[in-house]
Amino acid sequence: MKPTALISKNLQLNYNNYSNNYSKNKGDSKALNGLSLTVPEGGITAILGSNGAGKTTFIKCALGLLQTNSGSLQVLGQPAGGKRLKQHVGAMMQGADLPDLLSAREHLTLVCSYYQNASPIAQLIEQCGLSDFVDKRYKTLSDGQKRRVQFAAAIAGRPKLIFLDEPTTGLDLKARQILWNTIRNLSQNGSTVILTTHYLADADALADHTIVINKGKTIAQGTTDNVRNIASGTVIRCQTYISQRTIKSLPTVKSVNTSGRLIDILCNDSNTTLKMLLELDPHLSDLTVSTPSLDQAFEQLLNNCSTTQGLTQ
Amino acid sequence: MMALKNEIGAEILKAIRAPEFIAPTLLMPCAFYALFSLVFNNSTNNSLYLLATYGVFAAMGPAIFGFGIGIATERDRGWLQLKQIAPTPAYYYIAAKLVTTMLFAACALMPIYLIAGFASDITLTQSNWVSLFAVHISSAIPFALIGLSLGLMFSTNGAIAVSNIIFLSLAIFGGLWVPAFVFSSWMQTLALFTPSYHLAELALSTVNATGEYTPITNLLTITMMSILLTVLAIWAWSKGH
């Protein structure tokens with residue numbers, strides 16, 4: 001059996017434990033509703049879920065920032081939030097910013113001094129692509145540059161386990177690529193990376209394992225390939241004047257989404273669907289047929305989450 | 001220890017890079033003192049009183065605003081969350097802020113002492129100056145505890161508003177600007193519940209001026225208040241956590 005970096009069993013957390021606004025806004029009373037998941041040691045695990053699914057809440061519980069009402073949560077073999085864990089865990093939190101009046105170098109000098117086994121600052125600067133702005137005050141940096149400094153601070157202590165909460169938000173393409181490469185390097189050097197993201201492309205490109213959560217519950221977990229394969233069927237992408245409503249009414253079609261001028265049709269049987277589409281629109285163009293992406297699997301899981309059984313591996 | 005040293009360094013850098021913090025906290029007490037002790041003053045007794053009370057006032061600004069607004073801002077921005085997950089103890093952060101506060105309080109006191117020593121009619125022995133400085137600089141501690149609680153309980157905007165109200169109330173009711181004995185009786189009663197009043201009395205005792213209470217009573221009262229404020233700050237920290 002593969003060693004685990006994190007195991008949660010039946011975590012329950014009420015909204016009113018930490019935010020009155022949540023309970024007022026949502027009607028739901030539980031932020032985590034029996035969440036159980038396992039993150040294997042090493043590799044990159046993506047936690048996916050729509051807004052309010054419980055991703056950030058779970059990470060806060062794992063970091064000891066929130067206390068659950070019930071359930072168990074073991075991180076690197078110890079109870080979450082334990083003092084000894086802190087030397088081995090790093091985190092880049094959504095909405096956790098650094099003070100404005102220090103430069104990136106000054107921030108890293110401070111953060112590195114917290115850890116017994118910190119990375120050399122010069123290495124962090126190079127690794128995270130900070131050299132162009134390392135001596136500028138944090139408040140003068142762009143959002144993307146700020147995210148890179150936050151990331152460098154999160155990995156400063158050479159953590160065994162690192163939580164990245166929406167790490168690529170606000171990053172341009174180049175910065176995103178740098179971050180992807182750094183995350184891959186971290187993983188190759190033995191760190192376990194747990195990332196939450198809205199960009200499913202990030203999960204598709206990076207994650208060895210994927211966990212999908214919805215309304216505080218795990219609805220699927222396994223290797224990213226396995227989770228992707230939950231979306232059975234084929235995706236037809238094309239440009240057509242047929243209305244979405246008409247396409248949806250075709251018997252072989254499972255779901256329809258527009259993507260700019262193109263339309264994505266998830267169907268059970270691509271041959272039959274294509275024949276029907278061509279009968280309705282002989283001028284159908286820009287046609288491609290592919291297997292479903294993680295986005296489509298995710299969407300299908302959310303649509304069917306009331307009936308879907310979690311895939312665990 | 002390296003973490004604590006860097007934490008203190010970072011706090012000092014943050015403070016000196018915020019002119020909106022430095023200008024009012026360092027210059028205002030000195031400007032007020034110069035105005036009231038040199039322009040509107042005609043007695044040595046008044047000079048001693050003003051030196052003792054304005055010294056407490058000078059230490060109060062960096063403590064209440066530096067802690068209250070500083071911590072509220074950093075808590076709102078999520079910096080405290082990152083501190084909580086870091087392996088260093090939380091008291092490093094608080095200790096670094098306290099050291100910075102005391103440093104800035106000392107900076108605010110120096111021009112007041114210079115004015116008192118060279119431009120007014122005050123004559124104090126070396127031991128008087130040392131005891132006065134010790135009381136003034138230590139007075140930052142109870143005020144910092146008030147600031148810490150405010151910073152942990154209120155958002156940035158809330159902390160700005162509440163810190164200003166508390167700062168002015170402590171200055172007025174504590175008798176830092178106008179002696180408490182000229183107050184109406186209910187204001188005199190209220191003054192007894194402010195740390196600023198007892199700190200001012202303690203400062204007065206170091207310059208051989210007599211207060212309403214004995215220094216030991218003032219000291220015990222301030223200690224009790226500081227213990228209560230520490231409990232409040234711990235409660236606010238655990239609530240925020």
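**Helix 10 of chain B**

How far apart should the ends of helix 10 (residues 195-206) of chain B be, at 1.5 Å a residue? The 12 residues should span 16 Å. In this predicted model, the end C-alpha atoms of the helix are 17 Å apart, which agrees.

Is this helix enclosed or open? Of its 12 residues, 12 are buried, so helix 10 of chain B is largely enclosed by the rest of the structure. Just past the helix, N208(B) adopts a positive phi of about 65°.

**Chain B as a whole**

Chain B holds 11 helices and 0 strands. Its radius of gyration is 18 Å; a compact globule of 241 residues would come near 18 Å, so the two agree. Along the principal axes, the C-alpha atoms fill a box of roughly 55 × 35 × 30 Å.

Buried residues account for 46% of the 241 in chain B. Take the contacts between residues at least 6 apart in sequence: 80% of them join residues at least 24 apart.

**The sheet of chain A**

Chain A carries an open sheet of 6 strands. The order is 6-7-8-3-9-10, and the pairing is mixed. Strand 6 (89-92) and strand 10 (217-223) are the edges, each pairing on one side only. From one strand to the next, the twist averages 15°.

Strand 3 (residues 44-48) and strand 8 (residues 192-196) of chain A run parallel, paired over 4 bridges. I44(A) has V193(A) of strand 8 as its bridge partner.

**Helices across the sheet**

Helix 2 (residues 55-62) of chain A lies across strands 3, 7, 8 and 9 of that chain. Its angle to strand 7 (161-165) is about 150°. Helix 6 (residues 173-188) of chain A lies across strands 3, 7 and 8. It runs at about 145° to strand 8 of chain A.

**Nonpolar cores**

In soluble globular proteins, nonpolar side chains tend to be buried together. Here the largest nonpolar core has 86 residues. Those with the most contacts inside it are A62(A), A91(A), A152(A), A156(A), I162(A) and V212(A). Helix 5 (residues 143-155) of chain A gives the most to this core, with 6 residues. Another core, of 61 residues, lies apart from it, and includes A15(B), Y49(B), F104(B) and Y113(B).

Which residues does A62(A) contact, leaving aside its neighbours within four places in sequence? They are L6(A), L73(A), V75(A), A80(A) and F163(A).

Methods: Residues numbered from 1 in each chain as written. Chains lettered and ligands numbered in written order. Predicted model: local features only at pLDDT ≥ 70, side-chain atom pairs only at ≥ 80, totals over all residues. Core = buried A, V, L, I, M, F, W, Y, C linked by C-beta atoms within 7 Å. Buried ≥ 20, exposed ≤ 12 C-beta atoms within 10 Å, placed from the backbone. Helix = DSSP H or I, 4+ residues; strand = E, 2+ residues; numbered from the N terminus. Contact = placed C-beta atoms within 7 Å. Pairing = 2+ DSSP bridges. Axes fitted to C-alpha atoms, helices over the stretch in contact; angles between N-to-C directions. Expected span 1.5 Å × (residues − 1). Rg over C-alpha atoms; globule rule 2.2 N^0.38 Å.
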